[in-house]
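The sequence and structure are shown first.

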Amino acid sequence: MKFMIGDVVTRKSHNNDILFKIIEIDNDIAYLKGLDVRLVADSTLTDLVKVVDKEDDNLYQDDSVLTKRAISNLNLDRSEYFYLPGKILHIDADNDYLQRCIKFYSDIKVEAYGINMKEEEVSHEIVNTLSLYKPNIVVITGHDAYFKNKNNEYQNSEHFIEAVQKAREYEASQDKLIIIAGACQSNYEELIKAGANFASSPKRVNIHALDPAIVASSIALAPKNKEIDLIPLLEKTKYGTDGMGGIITNGTMYVGFPR
């Protein structure tokens with residue numbers, strides 16, 4: 001079977017568990033990116049099964065389901081009150097995932113700014129970027145992986161940790177700047193220690209492309225100075241508390257009257 005860049009495939013050796021898009025082919029090796037999960041991998045062409053020839057909007061049904069779940073508990077009585085949600089800065093190493101997150105923010109009417117930046121570059125640029133946008137919430141994500149058979153190494157967790165530490169040098173208060181960091185299989189404990197309010201991945205599982213955005217938007221739409229109930233918030237994400245965790249955090253939305 002002939003494969004082309006852009007084909008959506010699964011891997012026979014992994015029981016066809018994850019949908020991937022082919023992003024590069026080099027001889028008989030295909031380089032893959034998860035369609036929904038923040039995962040990059042490579043595979044021999046003989047291990048691949050073609051799902052469809054190219055991306056199809058129907059493959060993103062999870063996005064609409066997660067969007068509905070994220071706003072399901074909101075009670076914004078717009079006939080009397082007005083609402084000013086927190087501002088989000090979303091830094092993502094993967095532009096495809098970034099654009100999906102920006103669409104998600106737009107769909108639920110949250111002010112958000114997206115920047116495509118490689119994982120290793122973020123720690124060098126984060127302070128200037130925060131100074132420019134002055135967000136209430138910053139998301140730092142992209143790709144990561146946990147290699148248990150390589151002395152428990154991580155692909156990009158070190159870069160995320162450094163970026164969180166730099167952001168905390170800019171703003172030490174975890175109430176004034178809420179940080180959401182990590183990607184698939186990231187070093188959750190070290191990200192929290194570095195100063196993140198929320199991070200992935202407690203069980204070292206893959207996370208959905210929208211999971212960091214779901215957490216960010218939920219905080220943006222929660223009333224300011226009111227503690228957010230952690231478990232219901234985390235259960236809005238695709239993989240729940242296996243994929244995302246964090247500390248009790250206050251919302252960032254101002255509520256005013258009259259409209």
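1. Strands E2 and E3 form a hairpin in which 2 residues separate them, and Asn-27, in the turn, has a positive phi of about 60°. The model is a predicted one. E2 comprises residues 20-26 and runs antiparallel to E3, to which 6 bridges join it. Glu-24 has Tyr-31 of E3 as its bridge partner.

2. A further hairpin is formed by E3 and E4, here with 5 residues between the strands. Their pairing is antiparallel and extends over 5 bridges. Within it, Leu-32 has Ala-41 of E4 as its bridge partner.

3. The loop between E3 (29-34) and E4 (40-44) contains Leu-39. Is this residue buried or exposed? Leu-39 has a relative accessible area of 9% and is therefore buried, the cut-off for that term being under 20%.

4. The surroundings of Leu-39 deserve attention. When residues up to four places away in sequence are not counted, Leu-39 touches Ile-18, Phe-20, Leu-32, Lys-33, Gly-34, Tyr-97, His-143, Cys-184 and Asn-206. For His-143, the separation from Leu-39 is 104 residues in sequence, yet the two C-alpha atoms are 6.0 Å apart in space.

5. Tyr-97, listed among the contacts of Leu-39, is also one of the buried residues of helix H2. Lys-103 and Ser-106 are exposed, and they are carried on the face of H2 turned away from its buried side.

6. Just after the helix, Lys-109 takes a positive phi of about 60°.

7. Helix H3 (residues 119-133) includes Ser-123. Its relative accessibility is 9%, so Ser-123 counts as buried. Which residues does Ser-123 contact, leaving aside its neighbours within four places in sequence? They are Glu-162, Ala-163 and Lys-166.

Technical notes: Residues numbered from 1 in each chain as written. Predicted model: local features only at pLDDT ≥ 70, side-chain atom pairs only at ≥ 80, totals over all residues. Heavy atoms only, no water. Buried < 20%, exposed > 50% of the residue type's maximum accessible area, 1.4 Å probe, protein only. Helix = DSSP H or I, 4+ residues; strand = E, 2+ residues; numbered from the N terminus. Contact = heavy atoms within 4.5 Å. Pairing = 2+ DSSP bridges.
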